[in-house]
Amino acid sequence: MHPTVLRLLRVELSLVLLGSVLVQAVLPSLAHDQGRDFPEVAHLATPYTVLAIAAIAALQVAMLVLWRFLTLVSKREHTTRRGLRCLDAIMGSVAVATALTTGTLFHLLVIVGVGGPGVVLAFVGCTAAGSALVAVLWVLRRAQASRIDDREPAAV
């Protein structure tokens, strides 16, 4: 991969990480405001905030591991066992973030029984995007593992 592309990806990752930290900092205040505006779900503001911050943290882990994976790509070492571990960690982090997000939205829609079309759309979007990303990462990981197995001599 061209060094300029790697630098641009790292700049973008840095900006997204910074933005996600800012969102985590502002989230409690936003949740408090929503609890005040919608008193029927005010008791859920704190647990939902904790779950949202945890989901963002899982995505931050994925971004940090992606940074490490880009380092492996720049050294042409991404088709190694270390590269596979990076893909596993990214896939796991995205799966955790997806589960936390869709679980929270499912709870709001089905258990609590509130939320309008926006919450339904967020639920469908998070489920589709998260599961699609995990599926793409799974395919990428399988392709990488196949390349590694092809290069390594068979054990006798």
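Predicted model: local features only at pLDDT ≥ 70, side-chain atom pairs only at ≥ 80, totals over all residues.

Trainee: What volume does the largest pocket have?

Mentor: About 740 Å³. Its lining takes in 26 residues, and Q34, Y48, T104, L105 and L108 are the ones nearest the centre.

Trainee: Which elements give two or more residues to the lining of the largest pocket?

Mentor: Three helices do: α1 (3–37), α2 (45–74) and α3 (81–112). The top contributor is α2, with 8 residues.

Trainee: OK, next pocket. How much space lies in the second largest pocket?

Mentor: About 330 Å³. It is lined by 14 residues, with A62, L66, I90, V94 and L133 closest to the centre of that second largest pocket.

Trainee: And which elements give two or more residues to that lining?

Mentor: For the second largest pocket they are α2, α3 and α4 (117–151). Again α2 gives the most, here with 6 residues.

Trainee: How many nonpolar, polar and charged residues are in the lining of the second largest pocket?

Mentor: There are 14 nonpolar residues in that lining, with no polar and no charged ones.

Trainee: Let's switch to the fold. How many helices and strands does the chain have?

Mentor: The count is 4 helices and 0 strands. Reading from the N terminus, you get α-α-α-α.

Trainee: What radius of gyration does the chain have?

Mentor: The chain has 19 Å, whereas a compact globule of 156 residues would be near 15 Å. If you want dimensions, the C-alpha trace spans about 65 × 35 × 25 Å along its principal axes.

Trainee: What percentage of the residues count as buried?

Mentor: 30% of the 156 residues. As for surface, the chain exposes about 9,600 Å², and carbon and sulfur atoms supply 71% of that area.

Trainee: What about contacts, how many of them join residues at least 24 apart?

Mentor: It's 76%, taken among contacts between residues at least 6 apart in sequence.

Trainee: I keep looking at Q60. Where is Q60 placed?

Mentor: Q60 sits in helix α2.

Trainee: Is Q60 buried or exposed, and why?

Mentor: Q60 counts as buried because its relative accessible area is 12%, and the cut-off for buried is under 20%.

Trainee: Which residues is Q60 in contact with, leaving aside neighbours within four places in sequence?

Mentor: Those are L17, S20, V21 and Q24. One of them, S20, belongs to helix α1.

Trainee: Then what about S20, buried or exposed?

Mentor: S20 is buried too, at a relative accessible area of 11%. Skipping neighbours within four places in sequence, S20 makes contact with I56, Q60 and M63.

Trainee: Last one, A143. Which helix does A143 lie in?

Mentor: A143 is in α4. It is partly exposed, with a relative accessible area of 30%.

Notes. Residues numbered from 1 in each chain as written. Heavy atoms only, no water. 1 Å grid on protein atoms, 1.4 Å probe; cavity = no way out; pocket = protein on both sides within 12 Å on 5 of 7 lines; lining within 4 Å. Points joined across faces, edges and corners; volume = space filled by probe spheres on them. Nonpolar A, V, L, I, M, F, W, Y, C, P; charged D, E, K, R; others polar. Rg over C-alpha atoms; globule rule 2.2 N^0.38 Å. Buried < 20%, exposed > 50% of the residue type's maximum accessible area, 1.4 Å probe, protein only. Contact = heavy atoms within 4.5 Å. Areas by Shrake-Rupley, 256 points an atom, 1.4 Å probe, with all protein chains shown as cover.
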